[in-house]
Amino acid sequence: VNELPTDGRTAPPRVNGGLVFEALWERNVFGVAMAAFEKRLFSWRAFQARLIEAIDAHERAGAAFHYYACWASALERVLLDAELVGEEELAQATREHEALFAHRLPR
Amino acid sequence: LSHDDHDHDHDHDHGLAARAAAIEALLVEKGLVQREDIDRIVRHYETNLGPLNGAKVVAHAWASTQYKKRLLEHATSAIAELGFGGHQAEHLVVVENTKDVHNLVVCTLCSCYPWPVLGLPPSWYKSPAYRARAVKEPRKVMAEFGLLLGDEVEVRVWDSSADIRYMVMPERPQGTDGMDEEALAKLVTRDSMIGVAKASPP
């Protein structure tokens, strides 16, 4: 609990003090990052720096602020930095999941 | 939102969900993280970051007069009965709100706060303005939170410190007879246990 910021732009959205997730994937991506950090696959400082970068980029692009979109970008970056995943396999896995999701969630 | 906007949002979220799932799948496949860990960790943060434990304590005290007595007499051991406690709650004191007395908690020196029951403090709790004004003009501060108390209600302000940390037991709202503890706990907000609000109506 100590690492997670509670104030400022890098703090996760909270209601009544507790975390709020607007979608299941937000909860998952939060958990994946924290589980990876628990295994010390990267340092909190490195993740935090990538998170700030992602938030800055989001703001520069004028996009509506979406905390967990920035969180997901930061997680991708920090895993690539640590060479735990490669650019190509990440891109491929993302394409596969996009196809899978398009299939699974018809509109 | 127009129909198009909605579709756009949906696509966007769809893409993000796929990205998140792709990272998870890769890390699990490589044996770098385990799926059980992911769920365990999120549940840990969901439980311990927020005021869920405190809410359970209050709901239990509302439901059991015996427990309430123990809680008001010796809060640290009473919360331990429910499995809560540890660092920052070794010397916990619970003060009871009634129709005649309203309690408010502050830490004028820094931001002492009973983490094991209330989770992480809100940012305003740590602000110099709240810390100074809660003691000097508590009624005005509470009014700014939307809590208006009649003149007949006595206001007591408790200053938390490293030695003693306070938590408010809010009054049980009207119309909650027959509700079980789980339902009652949902009415107990963080702010009501700091004293800047009442428990939510059912």
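Predicted model: local features only at pLDDT ≥ 70, side-chain atom pairs only at ≥ 80, totals over all residues.
How many salt bridges are there between chain A and chain B? The count is six.

The contact involves 44 residues of chain A and 43 residues of chain B. Together the two chains bury about 3900 Å², and carbon and sulfur atoms account for 65% of that area. One of the six salt bridges joins A:Glu38 to B:Arg40, with 2.7 Å between the closest N and O atoms.

B:Asp37 sits in helix 2 of chain B. Is B:Asp37 buried or exposed? B:Asp37 counts as buried, because its relative accessibility is 17% and the cut-off for buried is under 20%. If we set aside neighbours within four places in sequence, B:Asp37 is in contact with A:Ala35 and A:Lys39.

Now the helix that holds B:Asp37. Helix 2 of chain B covers residues 35-49, which makes 15 residues.

On to chain A. Helix 2 of chain A, residues 44-60, has 17 residues. From its first C-alpha to its last it reaches 24 Å, close to the expected 24 Å at 1.5 Å a residue. The buried set here is A:Trp44, A:Phe47, A:Gln48, A:Arg50, A:Leu51, A:Ala54, A:Ile55 and A:His58. Seen down the axis, these buried residues fall within an arc of 165 degrees, so they line one face of helix 2 of chain A. What do they pack against? The buried residues of helix 2 of chain A pack against helix 1, residues 24-38, and helix 3 of chain A. On the face turned away from the buried side are the exposed residues A:Arg45 and A:Arg60. After the helix comes A:Gly62, with a positive phi near 70 degrees.

Two other residues of chain A have positive phi without being glycine. A:Asn16 has a phi near 55 degrees and lies in the loop between strand 1 (14-15) and strand 2 (18-19) of chain A. A:Asn16 is partly exposed, at 31% relative accessible area. A:Glu83 also has a phi near 55 degrees, in the loop between helix 3 (67-81) and helix 4 (87-104) of chain A. A:Glu83 is exposed, its relative accessible area being 69%.

Last item: strand 4 of chain B, residues 165-169. Five of its five residues are buried. B:Arg165, B:Met167 and B:Met169 point one way, while B:Tyr166 and B:Val168 point the other way. In general, side chains in a regular strand alternate between the two faces of the sheet. Which strand pairs with strand 4 of chain B? Strand 1 of chain B, residues 92-96, pairs with it in the parallel sense over five bridges. Within that pair, B:Val95 stands opposite B:Val168.

Technical notes: Residues numbered from 1 in each chain as written. Chains lettered and ligands numbered in written order. Heavy atoms only, no water. Buried < 20%, exposed > 50% of the residue type's maximum accessible area, 1.4 Å probe, protein only. Helix = DSSP H or I, 4+ residues; strand = E, 2+ residues; numbered from the N terminus. Pairing = 2+ DSSP bridges. Expected span 1.5 Å × (residues − 1). Contact = heavy atoms within 4.5 Å. Buried area = accessible area lost by both parts, 1.4 Å probe. Salt bridge = Lys/Arg side-chain N within 4 Å of Asp/Glu carboxyl O. Arc of directions from axis to C-beta.
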